[in-house]
Amino acid sequence: MARWVAVAAVAVAVVVAVSGLGGAAGYGPGGGFLYPQFYQHSCPQVEAVVGAIVAKAHAEDPRMAASLLRMHFHDCFVQGCDASVLLDADGSGRFTTEKRSNPNRDSLRGYEVIDEIKAALEHVCPHTVSCADIIAVAARDSTVLTGGPGWEVPLGRRDSLTASLSGSNNLIPAPNETLPSIIAKFHNQGLDLVDLVALSGSHTIGNSRCVSFRQRLYSQNNDGKPDFTLNPGYAAELRGRCPRSGGDQNLFALDPVSQFHFDNQYYRNILAKNGLLNSDEVLLTQSHETMELVHRYAASNELFFEQFAKSMVKMGNISPLTGHNGEIRKNCRRVNYF
């Protein structure tokens, strides 16, 4: 009981910390409007409920904050921020779950935390709060709990009736992609270079699997040679637990200096050629514009935090379902007709 009270206190602190920090609003299809006060009358408890459960999950598993933040990315880049990433296969053949996609299979986590939040909200505000909004608020709270910036989350999203396996496979940037390809995928979502570099800073927390960066250690260009942009000492350390074959699921901190603390160390790592993923290091090596942003964020935690919050709001406004589009799911894992 004492532990729960302490967790709840942390959640209240999160809500207080983010209020008044400045948010943004956005439009969905048909002109539906997202705004932070969307549930002010219909479910005023929403932020406190989400915050308490996210704080509890983070206290039990420090990796969960990064997982929930990543879930928001993977949701918004496919069909917009509509909670399609949460849908299980429904047996109808209408769609294939995104959980089976290459970016999500065996790596995306946190579904049970969203389930717990949804069940709690259905108890206090039945059929009111969307799963898409739960993901967005949980991502913000996860950032704050790990020491990162807060922002007001525009709300009012509705949940999709379908998912897209092909979209998840093709639209989410991969860790071994070239910078032009990553830029194109962000541009397709209405996100620019500044958003790309700032949002990549989410890799200040969380882990990556050996399979996601193995090519950098052994044959970056299919020539049997490691990636020359990777610090040789760091590469040797990584090879200790990421062999040429096997160990695909072995986990490595994206930022080994401050793995569970949200800060600008990620950019300093890149400058030292210690970016873990190819998609991290190319920000320094393949574009003067992105290189300049890496230097700026490495020099100023405040500047990084300010832009990260702005870019998260912008990403959260990608093609939301609003008005009478979509639905408010009762169970985040399936549409309501089941």
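Predicted model: local features only at pLDDT ≥ 70, side-chain atom pairs only at ≥ 80, totals over all residues.
Local features need pLDDT of at least 70 and side-chain atom pairs count only at pLDDT 80 or more, while totals for chains, interfaces and linings use all residues. Residues are numbered from 1 along each chain as its sequence is written, and side-chain values use heavy atoms, with hydrogens and water left out.

**View 1. A binding site listed by UniProt.** The unreviewed UniProt entry places a "binding site" at D75, V78, G80, D82, S84 and E98. These residues span 24 residues in sequence, yet no two of their C-alpha atoms are more than 13.2 Å apart, so they gather at one spot. UniProt positions follow the numbering used here, feature names are shortened, and annotations may be inferred rather than shown by experiment.

**View 2. A closer look at D75 and S84.** D75 sits in helix α3 (residues 64-76), whereas S84 is in the loop between α3 and α4 (111-124). Helices (H or I, at least four residues) and strands (E, at least two) are DSSP runs, numbered from the N terminus. Are these two residues buried or exposed? D75 is buried, with a relative accessible area of 1%, and S84 is buried at 0%. Buried means under 20% relative accessible area, exposed over 50%, and partly exposed in between (1.4 Å probe, protein chains only). Leaving aside neighbours within four places in sequence, the contacts of D75 include G80, D82 and I135, and those of S84 include E98, S160 and R329. Contact here means heavy atoms within 4.5 Å.

View 3. A disulfide is a covalent bond between the sulfur atoms of two cysteines. The cut-off used here is a pair of cysteine sulfur atoms within 2.5 Å, and the structure holds four disulfides. In this one, the sulfur atoms of C43 and C125 are 2.1 Å apart, and the link is right-handed, with 80° about the S-S bond. C43 lies in the loop between β2 (33-34) and α2 (46-60) and C125 in the loop between α4 and α5 (131-145), so the pair ties together parts that are 82 residues apart in sequence.

**View 4. The disulfide between C131 and C332.** Here the S to S distance is 2.1 Å, and the link is left-handed, with -95° about the S-S bond. C131 is in helix α5 and C332 in the segment after α14 (301-316), 201 residues apart. C131 is buried at 0% relative accessibility, and C332 is buried at 1%.
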